[in-house]
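User: Hello! I have a chain open on my screen and would like to understand how it is put together. Could you walk me through it?

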Amino acid sequence: MHKKMDISLFIAVIVLATFGLLMIYSASSIWAEYKFQDSFYYMKRQFIFLVIGIFLMVATSKIDYNIYYEKSNKILITCLILLVLVLIPGIGSVRNGSRSWFGIASFGIQPSEAAKLGLIIFASKYLSNSSKFIKSYKQGVFPILGVVFLFFGLIMLQPDLGTGMIIVVSIISLLFIAGVNMKFFIGGGLLGVIGVIILILIAPYRMDRITSFVDPWKDPLGTGFQIIQSLYAIGPGGLLGTGFLKSIQKQFYLPEPQTDFIFSIIAEEFGIVGAIFVAGLFLFIIYRGLKISLNCKDSFAKYLSFGMTFQLAFQAMMNLMVVIGMIPVTGVTLPFLSYGGSSLLITMFGIGIILNISRYHRE
């Protein structure tokens with residue numbers, strides 16, 4: 001057993017999250033001054049969550065990861081209950097058209113963030129105990145998919161397609177690592193495409209996002225507004241950007257730039273160099289997570305570390321692809337950088353688990 005955690009991973013996370021705090025201030029200061037008469041409004045709240053998140057990450061890095069194996073069922077049931085409760089009017093609150101929050105004073109807690117982690121823990125235990133029959137669809141694959149799609153259905157009732165997709169793709173990636181027959185992924189992929197098309201067709205606002213993605217200029221002041229303003233931010237950034245705090249698009253052009261589109265402001269103020277800096281940190285964090293996963297001799301630890309690393313990678317990739325106009329708007333935040341306490345705390349908690357695994361399984 002290694003007594004020391006992977007310090008390089010720890011430092012990379014701290015640097016990225018701290019940079020995110022600075023960028024939240026830069027992106028939100030003008031909007032916060034106008035709305036709350038306090039330019040530090042969003043930064044102060046994110047700072048509280050960042051401090052809690054760092055303590056949580058450090059504490060979690062010292063807790064034996066095997067405890068999640070023992071408590072996986074209870075964690076999953078708790079997440080399930082929270083997802084049901086948040087759908088009840090009067091308990092869950094609506095923000096940006098989704099009933100996905102528990103409102104506590106001026107703060108909000110999003111149970112779907114906890115569900116992402118809870119499902120990874122449960123699936124890791126399930127797969128580590130199913131090595132003998134994982135190649136059987138009936139005995140190995142369908143039971144775990146049933147649980148996943150139950151959670152997916154509850155999240156879609158909010159609705160939150162972006163988070164639902166992250167959950168499904170993360171678990172599918174674990175099934176791939178577990179050695180499920182490739183025919184499953186071919187058939188599952190086709191069914192998945194059909195399912196996504198149906199979900200788009202039954203919700204007009206999703207179809208609007210598709211059409212605005214194909215041709216944002218068809219409705220430049222409506223459905224295409226966000227992506228157009230995002231590209232207007234990225235384009236002028238050039239090599240070195242306009243400079244910290246000097247973004248033009250954050251001045252009431254790009255809606256709430258401290259959330260989903262914060263990378264646009266980073267690219268505008270720090271240019272290509274800033275974009276490479278952020279992408280490089282993400283790639284390093286993902287590399288260390290995968291390295292730790294590959295060194296695991298314990299199958300539960302391997303699935304747990306890989307699942308959380310892939311989930312982080314997929315979410316970051318989805319956000320960046322939206323920001324640069326490669327896929328339609330999904331509402332997915334950028335880990336460590338976007339404003340949001342629930343996302344930051346759960347992500348830091350997940351990194352803490354990976355750091356603990358690194359104490360036991362690292363070369």
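User: Happy to start with the whole fold. Of the contacts in the chain with a separation of 6 or more, what share comes from residues 24 or more positions apart?

Analyst: This is a predicted model, in which local features need pLDDT of at least 70 and side-chain atom pairs count only at pLDDT 80 or more, while totals for chains, interfaces and linings use all residues. Residues are numbered from 1 along each chain as its sequence is written, and side-chain values use heavy atoms, with hydrogens and water left out. A contact here means heavy atoms within 4.5 Å. Among contacts with a separation of 6 or more, the share from residues 24 or more positions apart is 72%.

User: How are helix 1 and helix 12 oriented to each other?

Analyst: Helix 1 (residues 7-36) packs against helix 12 (residues 341-360) with axes 10 Å apart and an angle of about 165°. Axes are lines fitted to C-alpha atoms, for helices over the stretch in contact, and angles run from 0 to 180 degrees between N-to-C directions. Angles under 35 degrees count as roughly parallel, over 145 as roughly antiparallel, 65 to 115 as roughly perpendicular and the rest as oblique. That makes the pair roughly antiparallel.

User: Which residues of helix 12 make that contact?

Analyst: Helix 1 contributes L9, F10 and V13.

User: Is D260 buried or exposed?

Analyst: D260 lies in the loop between helix 9 (225-234) and helix 10 (262-294). Beyond its neighbours within four places in sequence, D260 contacts N319, V323, G331, V332, T333 and S338. Buried means under 20% relative accessible area, exposed over 50% and partly exposed in between (1.4 Å probe, protein chains only). At 18% relative accessibility, D260 is therefore buried.

User: And which residues does K125 touch, not counting residues up to four places away in sequence?

Analyst: K125 sits in helix 4 (residues 111-128) and is buried, with a relative accessible area of 18%. With those sequence neighbours left out, K125 touches Y69, S72, N73 and F300.

Definitions and conventions:
Helix = DSSP H or I, 4+ residues; strand = E, 2+ residues; numbered from the N terminus.
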